[in-house]
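Hi,

Here is the structure I promised to pass on.

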Amino acid sequence: MIGAGVCGIYQLYRLLELGIDVTVLESGSGPGGTWFWNRYPGARFDSESWTYGYSFSKELLEEWSWSEHFAAQPETLRYLEHVVERFDLARHMQFDCTVERAVFDDDSNTWTVSLFDGRSLTCRFLMTAIGLLSAPALPRIEGVDSFQGESFHTFYWPSEPLDLSDKRVAVVGTGATAVQVIAEIADKVGDLTVFQRHPNWCAPLNNSSITDEEQEHIKATYDEIFEKCATTPGGFIHGPQQRPMAETSPAERRALWEELYASPGFGIWLGNFRETLMDEEANAEITEFIADKIRQRVDDPLIADKLIPKDHGFGSHRVPMETNYYEAYNRPNVHLVDLLETPIERVTEKGIRTTANEHEFDVIVYATGFDAITGAFNRIDFVGSDGQHLRDKWSGSPITYLGMQINGFPNLITLAGPTAGSVSTNFPRGIEDAVNWATGLLVHLREHGITRVEADPAAEQAWTDHVREMYGFLLLRKAKSWMTGYNANVEGSEKTRYMIYTGGSPRYRKRLTEEAAAGYPNLIKS
Ligand SMILES: Cc1cc2nc3c(=O)[nH]c(=O)nc-3n(C[C@H](O)[C@H](O)[C@H](O)COP(=O)(O)OP(=O)(O)OC[C@H]3O[C@@H](n4cnc5c(N)ncnc54)[C@H](O)[C@@H]3O)c2cc1C
């Protein structure tokens with residue numbers, strides 16, 4: 001298996017239960033994936049902590065206490081390290097090793113995996129748990145290497161403390177990560193300049209500590225919590241309103257939105273009327289509500305206007321959750337550079353030059369996100385049964401069966417791969433479904449003496465068409481975001497791709513269950 005994040009840890013646990021001989025190969029020097037790498041100030045959940053933990057062990061649920069409703073990165077990393085230690089998983093993991101290439105051999109039905117350090121390993125089944133947001137992308141700007149000060153992508157934020165007081169800091173980007181960093185460091189740096197290409201619609205996280213009574217209640221009601229998550233489209237505790245938006249008055253809608261805006265987490269996005277994500281007119285109304293909030297929170301009307309997106313409505317991209325993000329721009333030491341007005345020309349030795357002037361910095365932070373979902377796959381050269389490269393097969397848009405099986409790439413199980421349902425959810429809820437399915441498949445293969453399995457081409461095409469069709473129902477289809485595979489920072493990704501299953505967790509789980517119950521009829525086995 002490749003990857004020791006949330007997904008790899010759970011899959012390893014399930015394989016060991018079955019007595020399967022397994023090793024996990026991980027680039028990082030420890031387990032945790034996302035939560036091992038992203039150590040930037042402000043990194044934290046937008047999932048409720050108590051909906052994010054694994055559900056498979058009652059003892060684990062009982063003994064672990066989250067301190068905040070939305071835990072920060074250090075706590076989540078401690079949690080994942082605790083899971084690894086508690087279930088004695090580390091001895092099956094190899095760290096500091098990056099997989100470069102994996103080649104399938106048709107004669108032996110095995111994969112040979114080549115590592116960066118020159119070693120190679122052979123296995124019958126190769127499972128990928130390599131993450132959806134694990135391939136950081138720097139901006140395609142000339143001169144990035146010429147800067148003489150300190151600069152890094154947020155993914156590689158130094159793990160040792162970094163004193164930014166009195167420093168002139170640039171943050172490039174205004175996506176979910178940037179929104180967290182900017183709000184967290186605004187009052188801790190000498191001077192902060194934010195370079196914004198496209199603003200995002202952000203909403204308050206409304207985080208708080210978990211009180212003793214809440215802790216007790218959470219632990220007593222885990223069954224109900226996970227049952228609720230299993231019924232919502234995103235696997236979150238927040239599900240859409242059940243009544244049609246048209247049956248409510250403007251005053252009722254306003255009251256609901258005020259309540260949701262003041263409530264913790266994704267409620268304002270995922271607990272809203274379905275129509276706000278599907279219908280232009282409904283979306284325009286909630287969009288105006290959120291735009292008003294931004295105007296109320298930002299003192300300077302010109303800055304407020306620049307922070308209001310004009311190219312998409314609220315909720316058509318994943319909504320970055322924030323704590324005092326908009327208020328950061330009211331501080332005299334925080335400046336906004338609108339790159340739509342004055343684009344970056346290049347990074348220089350001293351800082352960043354736009355078409356207007358050169359800004360000098362001590363530190364440049366690239367909060368420019370990821371080559372999402374397919375990025376980690378494209379960084380490994382997977383060569384399938386007929387010498388086909390996976391990168392080539394997916395060069396248009398990814399083609400898979402259920403996001404987990406690929407025709408021409410036998411015995412490769414892409415846990416949470418592109419087009420899987422788990423990719424668009426509160427991740428662990430989706431990933432537990434995927435891992436349980438993959439585990440069941442391996443049991444089936446073992447019981448039936450099957451040594452080779454891959455997706456049937458017709459089933460793969462039908463699934464890929466279905467994924468594409470589901471995009472059609474959502475305003476998301478028009479978005480230029482990582483969920484539509486669009487990324488101006490990655491060559492070849494300036495186009496829409498159908499990357500995730502948007503039909504919702506319950507429907508996806510049903511498909512998985514039906515496929516397994518019928519004996520995997522859409523897989524070719526021998
Ligand atoms: C800042 C941030 C905040 C997030 N917040 C939330 C949230 O609140 N809720 C939510 O549901 N999701 C959130 N996510 C998404 C998050 O990625 C998932 O929740 C989850 O951690 C993914 O787990 P994973 O194991 O699939 O992948 P990852 O955690 O990304 O782990 C993949 C691992 O594979 C390794 N790997 C990749 N390629 C190779 C290779 N070639 N060789 C060896 N090793 C390799 C990587 O080093 C990495 O450790 C967030 C993501 C980020 C970046």
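The second largest pocket holds about 840 Å³ of space in this predicted model. Its lining takes in 36 residues, and Pro233, Gly234, Leu277, Leu474 and Thr502 are the ones nearest the centre. Sorted by class, that lining is made up of 17 nonpolar, 15 polar and four charged residues. Helices H8 (222–231), H10 (267–270), H11 (275–278) and H19 (505–517) each put in at least two residues, with H19 giving the largest share, three residues.

Now for the rings. There are 38 aromatic pairs. One of them is Tyr13 with Phe56, a tilted pair at 4.3 Å centre to centre and 35 degrees between the planes. Tyr13 belongs to helix H1 (residues 6–17) and Phe56 to the loop between H3 (49–52) and H4 (58–63), so this pair ties together parts 43 residues apart in sequence. Tyr13 counts as buried at 17% relative accessibility, whereas Phe56, at 22%, counts as partly exposed.

Trp437 and Tyr520 make an edge-to-face pair, 5.7 Å centre to centre with 70 degrees between the planes. Trp437 is in helix H17 (residues 427–447) and Tyr520 in the loop between H19 and strand E20 (523–525), so distant parts of the chain, 83 residues apart, are linked. Trp437 is buried at 5% relative accessibility, and Tyr520 is buried too, at 4%.

Back to Tyr13 and Phe56: ring pairs join both into a cluster whose members include Tyr10, Trp35, Phe45 and Trp64. Finally, the charged end of Arg39 sits over the ring of Phe36, 4.8 Å from the ring's centre.

Cheers

Technical notes:
Residues are numbered from 1 along each chain as its sequence is written. This is a predicted model: local features need pLDDT of at least 70, side-chain atom pairs count only at pLDDT 80 or more; totals for chains, interfaces and linings use all residues. Side-chain values use heavy atoms; hydrogens and water are left out. On a 1 Å grid over the protein atoms alone, a cavity is a set of points where a 1.4 Å probe fits but cannot get out, and a pocket is an open set with protein on both sides within 12 Å along at least five of seven lines; lining residues have an atom within 4 Å of a point. Grid points are joined across faces, edges and corners, and a volume is the space filled by probe spheres set on the points. Helices (H or I, at least four residues) and strands (E, at least two) are DSSP runs, numbered from the N terminus. Ala, Val, Leu, Ile, Met, Phe, Trp, Tyr, Cys and Pro count as nonpolar, Asp, Glu, Lys and Arg as charged, and the others, Gly among them, as polar. Rings of Phe, Tyr and Trp (its six-membered ring) pair if their centres lie within 6.5 Å; planes under 30 degrees apart count as stacked, over 60 as edge-to-face and the rest as tilted. Buried means under 20% relative accessible area, exposed over 50%, partly exposed in between (1.4 Å probe, protein chains only). A charge sits over a ring if NZ of Lys or CZ of Arg is within 6 Å of the ring centre and within 35 degrees of the ring normal.
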